[in-house]
Amino acid sequence: MTGHRPTPDRLRDSTFLAACRAEPHDRTPVWFMRQAGRSLPEYRAIRGSGSILEVIADPKLSAEITLQPVRRYGVDAAILYSDIVVPAHAVGFGVDVKPGIGPFVESPFERAADLQRLRPLEPDIDTPYVLETVRRVVEEADVPVIGFAGAPFTVASYLIEGAPSRTYGRTKALMLGDTGLWHDLMDRLADMAISSLCSQIAAGASAVQLFDSWAGTLSPPTYEKYVLPHSRRVFESLAETRVPRIHFGVGTSEILGLMTAAGADVIGIDWRIPLDEARRRLGPETVLQGNLDPAICLGPADKIEAVVAAEVADVLARNDGHPGHVFNLGHGVLPEIDPVVLERVVEQVHAHPLDS
């Protein structure tokens with residue numbers, strides 16, 4: 001367990017941290033999921049041709065990639081350059097990240113014996129490179145560093161399916177067909193997420209995000225029974241750290257209330273639900289993150305500028321000056337997005353007075 005770590009002096013005026021806590025600040029903060037890498041030419045120039053897991057294992061390179069969007073865009077937070085399957089990879093489960101595919105497991109999780117492939121994560125031994133990356137970025141950046149982990153359900157879906165899926169049929173079959181094994185698996189993955197996040201906070205991360213990217217594939221009753229208890233345990237285990245805890249998933253409009261019940265401080269929403277409607281459903285005090293459709297940002301900057309500006313203005317208007325709003329995309333930066341578009345989004349968000 002990581003105890004409460006005071007906010008460094010240089011971050012006391014952070015609009016991002018203030019927004020996460022719904023404290024007074026003068027402008028809406030902004031950062032982008034998957035801002036590190038993807039569309040940046042400076043990223044491609046140093047990325048190399050190896051596996052992303054090899055790049056993540058190089059703290060000097062990972063720290064530089066984490067910092068590139070902060071320099072380029074002027075965003076208000078740096079999201080760690082890493083991947084949600086790093087802990088499972090580090091303990092030897094046998095997961096890789098293949099270009100154009102994503103997480104890939106040659107021998108997927110199928111039976112109780114596979115639990116032995118998921119020993120407890122020891123971050124100082126298994127992922128010291130992640131912690132060194134966090135420390136390097138914290139030392140150099142003048143904005144908060146966001147650590148992250150994959151939520152138990154989403155990581156489980158990759159380990160069971162063996163690759164990204166459209167139906168999550170194998171995952172749901174195990175969940176419903178062998179409930180005991182399902183909860184054992186989720187317990188192990190929750191433990192790994194807790195260990196990873198606590199270690200990142202101890203290394204200097206000022207906030208954390210739990211990515212439950214594919215939780216939206218579940219009905220509310222299924223989510224509540226098979227997923228919520230495990231995500232709640234992750235957030236409860238981080239409560240004493242007092243760092244802002246963000247919860248995000250895609251296609252989650254119908255389970256947002258349940259995701260909020262897991263205990264996060266900030267709820268990330270995708271573009272499928274208007275910002276004001278999400279807050280209406282969750283309550284007026286809810287802190288939200290989002291939620292510009294990343295696909296709107298595709299195309300040449302000069303041809304889509306007016307459209308993007310209108311959509312950004314709409315998100316800001318729907319927030320209606322609420323201090324608990326972190327501007328973001330409704331999912332990650334797409335590789336084809338022109339960085340100039342995102343530069344202009346940041347400029348527009350920062351130019352918008354919070355009380356207007």
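1. Let's start with T133 and its surroundings. Leaving aside neighbours within four places in sequence, T133 is in contact with I56, P59, S62, A63, T66 and L80, where contact means heavy atoms within 4.5 Å. T133 belongs to helix α7, residues 128-140. Its relative accessibility is 1%, so T133 counts as buried; the cut-offs are under 20% relative accessible area for buried, over 50% for exposed and partly exposed in between, with a 1.4 Å probe and protein chains only. Helices (H or I, at least four residues) and strands (E, at least two) are DSSP runs, numbered from the N terminus.

2. A word on what you are looking at. This is a predicted model, in which local features need pLDDT of at least 70 and side-chain atom pairs count only at pLDDT 80 or more, while totals for chains, interfaces and linings use all residues. Residues are numbered from 1 along each chain as its sequence is written, and side-chain values use heavy atoms, with hydrogens and water left out.

3. Now the sheet. Seven strands make up an open sheet with parallel pairing, in the order β1-β4-β5-β6-β7-β8-β9. At the edges stand β1 (78-79) and β9 (325-326), each with a single partner strand, so one side of each has no neighbour in the sheet. Two strands pair if DSSP finds at least two bridges between them.

4. Strand β5 deserves a look of its own. Strand β4 (residues 145-150) runs parallel to β5 (residues 207-211), and five bridges join them. Among these, I146 has A207 as its bridge partner, and G150 has F211. With strand β6 (residues 245-248), β5 pairs in the parallel sense over four bridges; there, L210 stands opposite H247.

5. How enclosed is β5? Five of its five residues are buried, so β5 is largely enclosed by the rest of the structure. Both faces are covered: A207, Q209 and F211 are buried on one side, as are V208 and L210 on the other.

6. Next, a helix pair. The axes of α10 (residues 179-203) and α12 (residues 228-238) come within 9 Å and cross at roughly 25°. That makes α10 roughly parallel to α12. Axes are lines fitted to C-alpha atoms, for helices over the stretch in contact, and angles run from 0 to 180 degrees between N-to-C directions. Angles under 35 degrees count as roughly parallel, over 145 as roughly antiparallel, 65 to 115 as roughly perpendicular and the rest as oblique.

7. Which residues make this contact? On α10 they are H183, M186, D187, A190, D191, A193, I194, L197, C198 and I201, and on α12 they are H230, R233, V234, S237 and L238. Nine of the contact residues are nonpolar, three polar and three charged. Here Ala, Val, Leu, Ile, Met, Phe, Trp, Tyr, Cys and Pro count as nonpolar, Asp, Glu, Lys and Arg as charged, and the others, Gly among them, as polar.

8. Finally, some backbone spots to check by eye. Most residues other than glycine have a negative phi, and most peptide bonds are trans. R242, in the loop between α12 and β6, has a positive phi near 60° and is exposed, with a relative accessible area of 59%. D320, in the loop between α15 and β9, has a positive phi near 55° and is exposed at 61%. A cis peptide bond joins G290 and N291, with omega about 0°; N291 is in the loop between β8 (287-289) and α15 (301-319).
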